Amino acid sequence: MRSRRDDCLFCKLYRDGDHVAATKGFVAIKDINPQAPVHLLVIPEHHVDTFRDVGQLGEGESHRLLEFIADTAREEGLEDYKVQVNVGKSAGQTVFHLHWHLLGGTLRGLPA
């Protein structure tokens with residue numbers, strides 16, 4: 001498993017970004033092109049290109065990540081929300097560092 005890459009935007013944001021929430025191994029940042037009133041990106045510290053390679057996360061890391069997403073949603077005051085992962089270019093993945101979208105509030109294309 002590669003820890004971080006110097007040429008990866010999300011590796012840089014993990015290290016130096018404006019974090020909304022953080023815990024050991026994960027951070028949440030605001031999406032620069034929000035699709036909902038609350039749109040955060042949850043980024044793991046370890047560089048993994050895509051969800052296809054999620055097994056590259058360390059022992060127990062996937063479970064801690066899911067808890068972090070749920071805790072971050074709660075801290076943002078969200079009761080109902082969407083968690084989304086885009087896998088591959090044709091599915092909308094534009095940054096090839098595994099990350100989750102946490103979307104809450106009135107979502108575009110969904111009823112209020």
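Begin by selecting Phe 26 and Phe 68: both are buried, where buried means under 20% relative accessible area, exposed over 50% and partly exposed in between, with a 1.4 Å probe and protein chains only. Bear in mind that this is a predicted model, in which local features need pLDDT of at least 70 and side-chain atom pairs count only at pLDDT 80 or more, while totals for chains, interfaces and linings use all residues. Residues are numbered from 1 along each chain as its sequence is written, and side-chain values use heavy atoms, with hydrogens and water left out.

Now show the rings. Rings of Phe, Tyr and Trp (its six-membered ring) pair if their centres lie within 6.5 Å; planes under 30 degrees apart count as stacked, over 60 as edge-to-face and the rest as tilted. By this rule there are 2 aromatic pairs. Phe 26 and Phe 68 make a stacked one, at 6.2 Å centre to centre with 25° between the planes. Phe 26 belongs to strand 2 and Phe 68 to helix 2 (residues 61-75), so this pair ties together parts 42 residues apart in sequence.

Next, pick Phe 51 and Trp 100. Their ring centres are 6.4 Å apart and their planes meet at 85°, so this pair is edge-to-face. Phe 51 sits in the loop between strand 3 and helix 2, Trp 100 in strand 5 (residues 100-104), and 49 residues separate them. Phe 51 is partly exposed at 37% relative accessibility, whereas Trp 100 is buried at 5%.

Turn to strand 2 itself, residues 26-30, where 4 of the 5 residues are buried. Helices (H or I, at least four residues) and strands (E, at least two) are DSSP runs, numbered from the N terminus, and two strands pair if DSSP finds at least two bridges between them. What does strand 2 pair with? Strand 1 (residues 19-23) pairs with strand 2 in the antiparallel sense over 4 bridges; select His 19 and its bridge partner Ile 29. In their hairpin, with 2 residues between the strands, Gly 25 takes a positive phi near 95°. Strand 3 (residues 38-44) also runs antiparallel to strand 2, joined by 5 bridges, and Val 27 stands opposite Ile 43.

Last stop: Cys 8 and Cys 11. Cys 8 is buried at 6% relative accessible area, and Cys 11 is buried at 0%.
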